[in-house]
Protein chains: 2
Amino acid sequence: MKKLAILGSTGSIGVNTLDIIERFRDKYEIVALSAGSNIQLLKEQIAKFKPKVVSVLNEPLANRLKEELDPLDIEILYGIEGTNRVATLSEVDMVVSAIVGAAGLIPSVSAIKARKNIALANKETLVMAGKIVMKEAKENGVTIFPIDSEHSAVFQSLLGHQKKDVKRIILTASGGPFLNCSREELANVTIQEALNHPVWEMGKKITIDSASLMNKGLEVIEARWLFDIPYEKIDVHIHPQSIVHSMVEYIDGSVVAQMGLPDMRGPISYALAYPERLPTELPSLNLLEIDKLTFELPDEKRFPALRLAYRAVEEGGTMPAVLNAANEIAVEAFLNNKIGFTGIPHIIKQTMNSYKVKEINTIQDALEADSWARMKAKMLI
Amino acid sequence: MKKLAILGSTGSIGVNTLDIIERFRDKYEIVALSAGSNIQLLKEQIAKFKPKVVSVLNEPLANRLKEELDPLDIEILYGIEGTNRVATLSEVDMVVSAIVGAAGLIPSVSAIKARKNIALANKETLVMAGKIVMKEAKENGVTIFPIDSEHSAVFQSLLGHQKKDVKRIILTASGGPFLNCSREELANVTIQEALNHPVWEMGKKITIDSASLMNKGLEVIEARWLFDIPYEKIDVHIHPQSIVHSMVEYIDGSVVAQMGLPDMRGPISYALAYPERLPTELPSLNLLEIDKLTFELPDEKRFPALRLAYRAVEEGGTMPAVLNAANEIAVEAFLNNKIGFTGIPHIIKQTMNSYKVKEINTIQDALEADSWARMKAKMLI
């Protein structure tokens with residue numbers, strides 16, 4: 001029986017994780033859940049999975065939950081301290097880190113320091129502080145299992161092969177809803193259009209990041225740290241069908257790829273079960289029903305976010321944290337109708353241009369860069 | 001320094017193997033070569049790689065070679081005994097088994113009994129006597145590395161994953177030159193048309209087998225033994241671009257695939273170097289230059305050879321040896337203009353229909369079935 005804590009249980013990844021776990025109750029036990037403010041859904045999850053500890057966003061929500069739950073055989077916490085406790089409970093074997101955005105960094109690091117294996121959906125953990133996080137993971141004997149389709153694909157395509165023989169990693173990208181839009185059309189897309197992803201069903205923030213290709217840029221940075229591969233060896237191919245989830249090319253010309261239907265429960269179940277696999281009975285890939293698989297280069301002129309991400313990882317240090325924070329602010333501004341879609345990379349670029357990159361030696365360094373960039377981006381908006 | 005013997009050095013696989021070895025003279029030493037009657041090419045190979053032992057088809061050829069070679073610091077042998085000596089020399093680490101057809105079986109088994117690791121191109125070794133051969137390999141601690149693109153792809157797609165989690169293996173097939181021919185057109189194809197494979201450059205026998213899809217049928221049987229997977233879990237997809245060399249689907253819906261340009265030197269170099277990889281500097285796969293990847297089901301009505309192979313492995317015992325022998329005779333008859341292209345599966349089917357399947361407990365059982373089927377097929381022609 002593997003004992004799990006889920007950080008971000010009411011988000012898209014959290015819900016999909018619990019959907020998997022519900023099918024394999026004999027293999028997994030939910031010990032703790034941390035959520036934000038979706039108390040209604042959290043209550044349903046508590047009723048179904050009976051965790052011992054839950055944490056919510058703040059004290060009023062915690063109090064409301066206490067009133068609404070009876071009988072009270074559950075520890076109810078709140079805030080960063082609550083999330084950290086969920087991430088570090090002694091009886092937990094694995095922590096599913098699925099809080100969206102920079103807020104996911106601290107609890108991920110807490111879990112690693114508490115020697116929990118990590119199923120990592122939170123990109124920012126590695127984007128903001130990959131160097132520190134991977135060092136902590138190594139020192140604490142922790143394995144980080146990616147739960148996004150691309151890094152899970154790379155993980156599966158590296159298994160059994162030697163990292164010294166890797167020529168390059170090719171991350172695939174669906175290209176999002178605006179793959180074939182002109183620059184003029186991109187300037188005028190609506191929030192609704194941007195939220196309408198052609199393949200993947202995800203949260204709002206990551207859906208916008210997919211539309212701008214920033215999501216792929218963040219994944220390049222993540223892959224750089226997760227697999228300890230120089231960013232020059234990480235390429236991106238647009239693959240609109242989202243069947244080949246990513247690939248690894250070796251020095252002898254052999255390319256190993258992982259494929260599947262676009263369903264988050266694939267990589268989630270793999271991270272939960274490794275080295276086993278779960279007979280998930282999800283609809284399985286039938287290549288005979290797929291018209292064709294195609295690959296093209298991303299157009300960095302129309303989608304400058306990807307280029308900005310490469311620039312951030314090249315400059316290194318705290319710059320990826322700045323990129324990420326500016327992006328979060330810009331996406332929020334877009335979703336609040338304060339800037340247009342092409343304003344997103346513009347704000348990020350301006351923020352990066354104003355920043356003098358620093359070395360990153362502690363999580364604090366990443367957090368300071370993050371704060372600075374948020375202020376700067378807000379001012380620019 | 002890995003010490004190699006090559007059985008079938010002047011054939012297509014032998015020549016490609018030596019092409020690889022020439023680039024990595026610091027890693028590989030050719031100790032022995034066995035060839036048929038292409039003395040001219042063998043002489044060039046001897047001059048370049050300086051083996052200590054060579055073997056040719058018969059005594060007259062051996063004598064001719066002795067006369068033409070000076071100075072004579074090389075042991076020249078001939079016939080089955082000569083090939084067996086090449087396959088079992090004490091100083092050899094790995095034997096490349098690349099003799100075409102049933103003649104490759106005995107020396108492969110000899111090499112396994114002499115505890116040599118095998119780089120196996122000869123399909124018949126496993127088709128005719130897979131059960132016995134794999135048992136011998138296990139008992140002698142021998143690893144068999146496939147050097148055909150499909151099985152090398154499966155090998156690479158299984159590495160690091162658990163065999164118990166395999167849902168099915170999908171072997172890909174280019175479909176050959178007659179993929180879109182009607183049954184009537186197939187009845188009238190010429191030898192030259194059949195030898196004109198759209199993707200792969202190979203020997204004559206295997207090129208005809210590719211055109212009839214018997215090659216894929218033999219590969220299904222080979223995969224069944226090499227990977228110890230029931231034939232019901234081995235499927236075939238037509239993939240005209242020959243980029244995805246084969247795939248493994250796991251129980252969680254994940255599909256791991258190996259891709260590359262269609263070049264035999266890929267799987268050969270992998271078999272030679274495993275667990276390393278050689279920086280072969282072959283032209284590498286660029287998916288951006290490939291229009292699209294497509295997959296379809298093979299049409300067993302137009303290409304009955306594939307169905308016959310499934311039938312043979314289902315009936316088991318000595319039937320695959322009968323299938324294989326009848327195919328060799330029928331292909332030879334086609335190449336000699338004695339039967340038409342659609343006559344090939346017809347002869348095989350008639351031969352199989354006349355045969356009462358026996359258990360296979362020794363190599364001798366396979367050889368007897370082989371002899372019987374050759375006679376029967378010749379009578380039918």
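## The interface between chain B and chain A

About 3600 Å² is buried between chain B and chain A in this predicted model, and carbon and sulfur atoms give 53% of that area; buried area here is the accessible area (1.4 Å probe) that two parts lose on being put together, summed over both. Of the area that chain B buries against chain A, B:Asp252, B:Arg277 and B:Leu288 supply 20%, which is more than any other three residues. In terms of contact (heavy atoms within 4.5 Å), 42 residues of chain B meet 42 residues of chain A.

This is a predicted model, in which local features need pLDDT of at least 70 and side-chain atom pairs count only at pLDDT 80 or more, while totals for chains, interfaces and linings use all residues. Residues are numbered from 1 along each chain as its sequence is written, chains are lettered from A and ligands numbered from 1 in the order in which they are written, and side-chain values use heavy atoms, with hydrogens and water left out.

Between the two chains there are four salt bridges, a salt bridge being a side-chain nitrogen of Lys or Arg within 4 Å of a carboxyl oxygen of Asp or Glu. One of them joins the side chains of A:Glu276 and B:Lys164, at 2.3 Å from N to O.

The side of chain B that touches chain A draws two or more residues from each of strand 8 (166-173), strand 10 (244-250), strand 11 (255-259) and helix 12 (265-273) of chain B; helices (H or I, at least four residues) and strands (E, at least two) are DSSP runs, numbered from the N terminus. Strand 11 of chain B gives the most to this side, with five residues.

Within chain B, strand 5 pairs with strand 6, and strand 6 pairs with strand 7.

| Strand pair | Bridges | Direction |
|---|---|---|
| Strand 5 (94-97), strand 6 (117-120) of chain B | four | parallel |
| Strand 6, strand 7 (144-146) of chain B | three | parallel |

Technical notes: Two strands pair if DSSP finds at least two bridges between them.
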